[in-house]
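Thanks for coming. I will go through one structure, starting with its strands and ending with how the chains relate.

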Number of protein chains: 2
Amino acid sequence: MKRGAEQIEINEVAPRDGLQIEAAQVTTDAKVDFVDALSACGFARIEVSSFTSPKAIPALADAEAVMQRIVRVPGVIYTALVPNLRGLQRALESGVDELNLVMSVSETHNRANLRMSREASQAQLLAIIEQANKVGVPCNVSLSTVFGCPFEGDIAVDEVMRLASTFVDAGARGITLCDTTGMAYPNQVASLCEEVLHALPQAGLTIHLHNTRGMALANAVAAWQSGVTRFDAAAGGLGGCPYAPGASGNVNTEELVHMFECMGVATGVSLDRLLAIVSTLPQLVQRDFTPVLLAAGPRLKLHPAPAEIAF
Amino acid sequence: MKRGAEQIEINEVAPRDGLQIEAAQVTTDAKVDFVDALSACGFARIEVSSFTSPKAIPALADAEAVMQRIVRVPGVIYTALVPNLRGLQRALESGVDELNLVMSVSETHNRANLRMSREASQAQLLAIIEQANKVGVPCNVSLSTVFGCPFEGDIAVDEVMRLASTFVDAGARGITLCDTTGMAYPNQVASLCEEVLHALPQAGLTIHLHNTRGMALANAVAAWQSGVTRFDAAAGGLGGCPYAPGASGNVNTEELVHMFECMGVATGVSLDRLLAIVSTLPQLVQRDFTPVLLAAGPRLKLHPAPAEIAF
C-alpha cells in the first residue's frame, strides 16, 4: 500500500478543543497538570487554551493563568486559539508560541459559530496575521467545515482554495483543514489534501479530523498517503459536535499514535505516557466514558493463555 | 487515491457473531424478526446462527427454529456456523445455503476458543468440507487471529497461507481472514490481502474486521484498495472480544456501508433500512449503547441553521 511520510507531527488539542465543550468545571490547577503531563509525551504542538471572551467560552476564561503556570518543555510549540485583536493582545502577553485562528468556509456555519459573516471573519483574521507578523509570532489558520457543513452540506473546493491561499499570501505559516463535524470520507480527504499540497506547498498543512461517523482513522491514513504530515488530535477523543449528541469527538490521539506506530510511522509520542494521561480523563472531565484503546490496550499487549487449555 | 472495486458485498454477521456473546436472552421470535428485517436491506449474505452444541453457546440453541421460521429473500445467501459433523447434519437439515467453518491460525487461541489443537480442528474442518461437497453445499473457512493473537502476538504469514491453501485445495469456496480481536492495522491488512489474492485468486476472499482499537474502517479501506470485495460486518458493531471488556466489537455495518457509499462504492445495502434496524438493537440486546452513526446521522443529513443567526 502507498506510504506517506515516515515521520508525522501531532498537535494535541484536548486542553482547548476538548475542554471547551465540557460541562464540568475544570480547575486551573487541573488544566496545568494536564498540559504538563502532555508536555512529557513528545507532541510537536499543544493547543493550551483560547483567548476568547470569557463570556463566549467560560470554560477557558483562565487562559492567561494556564499559560503562565505550565512548565514549557523545550521543543514543544505551545499554541492558543485567538479569535480577535483583543485576544491577540492577551495571547502575545502570555507568550504563546503560535496562534491558531479560526473561520469557517461555510457562511452559515461561520455565522452560527462565530456570529459574523465570513467577510468579517476574513478581515479580522487578516488583521491579526498582520499584527502577529510584525512581532514575529506565527499564525495558523484553521478552516472549519471544509469537508462539509452540517447546515449547507458539501462545500465548494474552490472556496477552500481561495481562503487557504488568501491566508497563505497574507503570511499565515500554517493552514489546517478541519472536518469540524465529521463529514469527511477517505477519498474526499485524499483529493482535497493533494490539491492543497500541490497548489500551496508552502501552506504548512495540518488536518483536523473528527470521529463523528467512525471514519477518523481511515481519513487519517488517506491524508497521510496524500502527503500530510501534521495531525490535530485530542487525547481520549475529547471534543465533539453540538449537532451530534452522543457521537464521538475529535480523532483520538492515542488511537492515531497507536495506528501510525503499528504502521512503522514515527509520531514522536510515547503511547505509554499518553495512555496514562487518558486513564485520568474521566476524572478530569467528571463524566464516565471508556476510551476504547485504553480498554483494549496496544495490540501487542498480550494476555496469559487460559489456564485450563490442554497442550 | 487508489480505488478498489466499484461494488462490494457485505455479509451481515450480527445474528450469529453479535448475539452469541450477549448476556440477554433474545427470544426466537426476536431473532427471526431481526433476520427478516436484515433480509430487506440488500445484504449478499446473512449469518443466521450457529449449529454449535447448545451447551457451548446457549444463546444460539434455537438455530433450527430460527432457520425454519425466517422468510428467505431470493438472492440472499443464508449462512450458519458449523463447528463439527453433528453441526453439519443439523445445518443441512435446516437448508442452510452456505456453511461457515472456523479455526484459529494461533495454536493457543484455537485451544482457548475451540478446546482442541489446530491439527484436530483442521482434520474436523476437512471432514466437514468433504461431506458438504458431496451434497453440494459450499463451505467458507474463517481463519481466526490471522492479524495477531491476544496470547501469541503476531502470526506467521506462512501459517496463514498454508491453512488457506489447504482448505481451498480441499474444496472450500471461500476463505475469511479474521481480525478476531482487533489487532490488524492498515498496511498489514493490505499486505496479507494482496498476498492471499495473488497466491489464491480462487479463494473467494472475505475480510472480517473488529473495531477494538478504532481501526476497523481504516483497515476496510486498505483491504478494499488491495482488491477485497467481501466484508463481514455486524449491525451496531455488535460482537466483541472477551479479552477487551468495554472495547468495540465487529466493524459496524452501518458505518461500513455509509463510508463506502460516500466513496462512491456500491454496497447494495439500504442505509435507511439498516439504520432503522440499528435503532432497535439496544432493545434487542437489552443494554444501552449509542451506535455513533445512528446518533450523528448520514453525513448529508443536514440541520436547520440556528434561528438567531443574522444574514
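In E2 of chain A, the residue bridged to A:Asn11 is A:Arg45. Before I go on, please keep in mind that this is a predicted model.

That bridge belongs to the pairing of E1(A) with E2(A), which is parallel and has 2 bridges. On its other pairing, E2(A) meets strand E3, residues 77–81 of chain A, again in the parallel sense, over 5 bridges. There, A:Glu47 sits opposite A:Thr79 of E3(A). How many residues of E2(A) are buried? The strand covers residues 45–50 of chain A, and 6 of its 6 residues are buried.

In chain A, 8 strands close into a barrel, in the order E1-E2-E3-E4-E5-E6-E7-E8, with parallel pairing. Neighbouring strands of this sheet are turned against each other by 25° on average, direction ignored. A:Met103 has A:Leu143 of E5(A) opposite it. Helix H10 of chain A, residues 253–262, packs on the sheet and touches strands E1 (9–12) and E8 (230–233). The direction of H10(A) makes about 170° with that of E1(A).

Next, a helix in chain B. H7(B) runs over residues 157–169, and at 1.5 Å a residue its 13 residues should span 18 Å; the end C-alpha atoms are 18 Å apart, so the two agree. Which residues of H7(B) are buried? They are B:Val160, B:Leu163, B:Ala164, B:Phe167 and B:Val168. Looking down the axis of H7(B), these buried residues fall within an arc of 130°, so they line one face of the helix. B:Asp158 and B:Asp169, on the other side of H7(B), are exposed. The cover over the buried residues includes helices H6 (118–134) and H8 (186–199) and strands E5 (139–144) and E6 (174–178), of chain B. Just after H7(B), B:Gly171 has a positive phi of about 105°.

Last, the two chains. Chain B superposes on chain A by a rotation of 180° with 0.0 Å of shift along the axis, at an RMSD of 0.0 Å. That is the relation of a two-fold axis. Which C-alpha of chain B is nearest the axis? That of B:Ala218, at 1.9 Å. Both copies use the same surface: 100% of the contact residues of chain B recur in chain A.

That is what I have; I will take questions.

Definitions and conventions
Residues are numbered from 1 along each chain as its sequence is written. Chains are lettered from A and ligands numbered from 1 in the order in which they are written. This is a predicted model: local features need pLDDT of at least 70, side-chain atom pairs count only at pLDDT 80 or more; totals for chains, interfaces and linings use all residues. Helices (H or I, at least four residues) and strands (E, at least two) are DSSP runs, numbered from the N terminus. The expected span of a helix is 1.5 Å times one less than its number of residues. A residue is buried if 20 or more other C-beta atoms lie within 10 Å of its own, exposed if 12 or fewer, and partly exposed in between; C-beta atoms are placed from the backbone. The arc is that of the directions from the helix axis to the C-beta atoms. Two residues are in contact if their C-beta atoms, placed from the backbone, lie within 7 Å. Two strands pair if DSSP finds at least two bridges between them. Axes are lines fitted to C-alpha atoms, for helices over the stretch in contact, and angles run from 0 to 180 degrees between N-to-C directions. Copies are superposed by least squares on the C-alpha atoms of residues with pLDDT of at least 70 in both.
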